[in-house]
Structures are given as structure tokens and as C-alpha cells.
Amino acid sequence: MKKLTSTLLAAATIASALAADTAINALKVSGSLDKVTNTSAVWKGAKFSTVTLYPQTTIKMNDKNANELNVDAKAVKAEVAAVYNKSKIAFLIKWPDGTKSVQQSGKTDTYGDGFAVQFASNYSNPAELPYIGMGSAGRQAVIHLQKETAKTYEPNGNGNVGTQVNPNQTDLFDKDLKAFNKTVDSLGNADYERSFVGEGFRSMTEIKDGSSQSSSNMTYVKKGWAGTLSRSLKDEYVDLNAAAIPVAFAVWDGDKLGRNGLKYLTSWTAVVLKKGDDKLVNALHGKIEGDAAKGKESALANGCTGCHQMENADAPNLMGPSLTNIGGYATADYLRESLVNPSAVVVPGYNRNAHSNYAWYNIEDGKRVSTMPDHSWMEKADIDNIVAYLKTLKAEAK
Ligand code: HEC
């Protein structure tokens, strides 16, 4: 009986490893995608797909309140539609959020809700996509970010908070002050919209020179957000003219003190523009080889939990990235690569020098070299099993 139960349990684990999100089918439209909002007519006829965003638990923030608010965070299910025309592609993402959080200007302890859409500069090899957390050395990512912020008026129009106009610093009174406030209200910009390009968290550069054309916005409707992003199909950073492209989505919950890495994110998800190329779709959504139950045994036997938190808080905090949600936001290929070639992508963890007990990497010849042992000596079947097990490590959805 005991044997049977564990076999059934193993089967259940494997089933959950396979239940991943499916590809998103983009709809070709003839209308303009220049000024897209959640109520634009272009969404008529578009098909929504469900994507799951997992709490990014790779590293813990140095913020006790935030950590307490996010203990055992559940995954978030969002609905995404994509449309494209000759020159642009647009996304509509709807996700539940019971509280509308707005970033207040000049306050450091409030955080706005927000979302981001990420693209890969090079996706010719689906096994070597940029690291999901904002790219990695040699693998450039482009990120469009939209945050909900309070209305402020900044005369130079560049969003620089330091030059915002504060009504108390004008010499206006009564009627004049009222008129001024009215002007600010009409000119005021509540749109925190940014684009970044880079090869890893600390290397991200904001694109300010118009070399990437995009526009995004977000609207709070019925206990949730509807965010849209429209961008060129091609610019100097990405070329999205392909049968299928990898895209990743992230959302922040200001109410849970979410900011920076404290967010929810999907794995790379295939957006299909034209039928015919299944390479990317299979790599991101195809069947996962391997036996998750055997993989778990192997992971334990090979000491992974000495450095990583997997199902429980196994390893001491900070030894290695937490893998508690890795199955949610990492692709199977990425997991395989982490084992057989740990330095191909080095997780941007803590500042090397600030790390108290174990450095995640060393610098050799100016390059980051992972301190994780290389597991390329393992049999392929064993690696497959561990990858299948790692794919099961993810939070349940809300
Ligand atoms: C001696 C400590 C150590 C051991 C043992 C170890 N790792 Fe790692 N692992 C690390 C460190 C440090 C990193 C971060 C640096 C990097 O990206 O390689 C890492 C990164 C990873 C990543 C990428 C995580 C992410 O967030 O992207 C995965 C996946 C992973 N390890 C899986 C495993 C598995 C599975 C095993 C067991 C077969 C294992 N590790 C054994 C230290 C270790």
C-alpha cells in the first residue's frame, strides 16, 4: 500500500510538471496600434490566454516587512492577448489585484502596482534565452515597465522628480493658485513609463533617446489591472518579425511592498504570430522529458539542498538562489544549462563583497564564474529527471 501511495504521488507530481501555460496566439489586425488602451477596438476578436506569474523568490530582500508580507506568496493568474500589424505589436494583460496601490512622489515607503513586458534581443536558439530576471552577460533583454504613480507636474517633461513644481513654492494665492492647480492637473503626468535594455540586473540602461518606440498604460478595473503595451516590431534592440517570439511578463503588488526583484513573473512564453515554426513553442511549452520523482531522489542524493532551498527552507539562507519557484519562471533548457554549465548564466545575486557566507561567483579574467559545482558528469537521463523535478517547484495559484 505504501508503495502504491508513493507511486500515485509521484504520478501527481509529474502531472503538475507538465501543466504549464500554453503559447499565446497573436492576432493580425489592420488597425493602428499607435494609441492602444484596454478599451481599444483592436482587442475585439483577440484571444486571451492564461499565463501564470510566480513569486520571484530567487533572493530575499533586506526588508523584514516585505519578507513577512510575502511569506508563502501564491502565484497570480493573468489573461493576455496579443495583436500585431505591419509595424507594431501590442499586448493586453489583465491581472487580479484587490488593492490599487499608487506610488506617491517624494515618499520612499509607498510602492505602486506595475507591470513589465520583456523581450529577447536574440532568440534564434531557444535553449539560450536571456536570464529571465532582466537578461544576462551576452544575452540582452529589453524591458518595458509601467508603474502606477501619483500625478505630478514636471515642466521639463522628463519625469525628473527633482524639478517637479510644488505649489507651495510658488508665490500664487487664491484664484491664481486655484488656476495653477488646475493647470497642473491637466498637464500633470501620472505616467511612469520606462524602457530598459541590458545584459543583467545591474547593467540595465534606460532608453531615453527614442530609439525604441513604445507606449504603455494601466487602468484599474474591477479589482484588477488592465495593462497595455504597444511597441515597434523592430528597432535597434529587437526584431520581432518572426513566426514565434519569446515574451515574459512581470507584475508588482505595491500593497505587498513589491518593487525591484520582489515581483511575480512568468517564464519565457511563446507568442505565435504565424504558424509554421514550432521550435520555440516546443522548447517553451513542449513535453518535459524525465521522471520528477526520480529527479527528486537524485537532487537530494547530489546535495542540491546543501546550497538551495527547494521544497522547504533546506539550505541556510543566502547559500545559493532559492529554487522554491524556479519551475514557474525558468525554462527546462535553462535548468539543464544551470546544471551542466553553471557559468553560462550567473544569477545576479547579492553584491559579491557583501555576501556573508558563500559567494555565488568569482571573477576570473573579468568574467563571472559560478561557484556552483558543474554537474555535466551526470548521465543525461539523470539530468532529465532533475530538470523534471525542478519544473515542479512552484507555488500554487491563488
Ligand atoms: C556548493 C553549492 C551548490 C550546490 C551543491 C548546488 N548549487 Fe545550484 N547554484 C549555486 C549557486 C551559488 C548558484 C548561483 C550562481 C549561478 O548562477 O550559477 C546556483 C544556481 C543554480 C540554478 C539557477 C537558479 C536561478 O535562480 O536561476 C539552478 C537551477 C541550480 N543552481 C540547481 C542546482 C541543482 C539541481 C543542484 C544539485 C544537483 C545544485 N544546484 C547544486 C550553488 C550550488
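The iron atom of the ligand is coordinated by His 308 through NE2 and by Met 372 through SD, at 2.0 to 2.1 Å. His 308 lies in the loop between helix H5 (292-301) and helix H6 (326-329), and Met 372 in the loop between strand E16 (367-370) and helix H8 (380-390), so the pair ties together parts that are 64 residues apart in sequence. The model is predicted.

Iron site

- His 308 is buried, because its relative accessible area of 11% is under the 20% limit.
- Met 372 is partly exposed at 25% relative accessibility, because this value falls between the limits of 20% and 50%.

Ser 211: position and accessibility

- Ser 211 is located in the loop that runs between strand E9 (205-206) and strand E10 (214-220).
- With a relative accessible area of 18%, Ser 211 is buried, because the limit for that class is under 20%.

Ser 211: contacts

- The side chain of Ser 211 forms a polar contact of 2.6 Å with the side chain of Asp 209.
- A polar contact also links the side chains of Ser 211 and Tyr 237, at 2.6 Å.
- When neighbours within four places in sequence are left aside, Ser 211 is in contact with Asp 235, Glu 236 and Tyr 237.

Methods
Residues numbered from 1 in each chain as written. Predicted model: local features only at pLDDT ≥ 70, side-chain atom pairs only at ≥ 80, totals over all residues. Heavy atoms only, no water. Helix = DSSP H or I, 4+ residues; strand = E, 2+ residues; numbered from the N terminus. Buried < 20%, exposed > 50% of the residue type's maximum accessible area, 1.4 Å probe, protein only. Polar contact = N/O pair within 3.5 Å; in protein donor to acceptor, adjacent residues only side chain to side chain. Contact = heavy atoms within 4.5 Å. Donors = N, O, S within 2.8 Å, 3.2 Å for Na, K, Ca; no water.
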